Amino acid sequence: MTDPIRELKIHAAILQRRIADRQPSALERLRALQEFRSCSADELDSVAPRIRRRHCLAILARELGFANNIYTPDGGTQIAPALAEAYR
């Protein structure tokens, strides 16, 4: 049986790599996060090097129907219980 947390980690790593490579479709997926929703294409391109795995996990979570504030930027937001294991 496939471990869903492991699958999320793998998909997040792939997304992070695609964002780092500045693939347009991957950069567009950043708009799933509130802090990037109003960014222009050029702004998304400029933030690409600073995108971390937690951002990618949060994007996947949003795409799977989880709440807005899914990750903890500097200890701020509650982590969704289903994804807490992915941060270990």
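Is Arg31 buried, partly exposed or exposed? With a relative accessibility of 22%, Arg31 counts as partly exposed, where buried means under 20% relative accessible area, exposed means over 50%, and partly exposed lies in between, using a 1.4 Å probe and protein chains only.

This is a predicted model, in which local features need pLDDT of at least 70 and side-chain atom pairs count only at pLDDT 80 or more, while totals for chains, interfaces and linings use all residues. Residues are numbered from 1 along each chain as its sequence is written, and side-chain values use heavy atoms, with hydrogens and water left out.

Side chains of opposite charge can pair when their charged atoms come close. A search of the whole structure finds 3 salt bridges, a salt bridge being a side-chain nitrogen of Lys or Arg within 4 Å of a carboxyl oxygen of Asp or Glu.

| Salt bridge | Closest N and O atoms |
|---|---|
| Asp45 with Arg22 | 3.0 Å |
| Arg31 with Glu28 | 2.9 Å |
| Glu63 with Arg29 | 2.6 Å |

Glu63 forms its salt bridge with Arg29. Because Glu63 lies in helix α4 (residues 53–63) and Arg29 in helix α2, this pair ties together parts that are 34 residues apart in sequence; helices (H or I, at least four residues) are DSSP runs, numbered from the N terminus. Glu63 is partly exposed at 42%, and Arg29 is partly exposed at 28%.

Asp45 pairs with Arg22 in a salt bridge, and this links distant parts of the chain, with Asp45 in helix α3 (residues 41–47) and Arg22 in the loop between α1 (4–20) and α2 (24–29), 23 residues apart.

Key:
Helix = DSSP H or I, 4+ residues; strand = E, 2+ residues; numbered from the N terminus.
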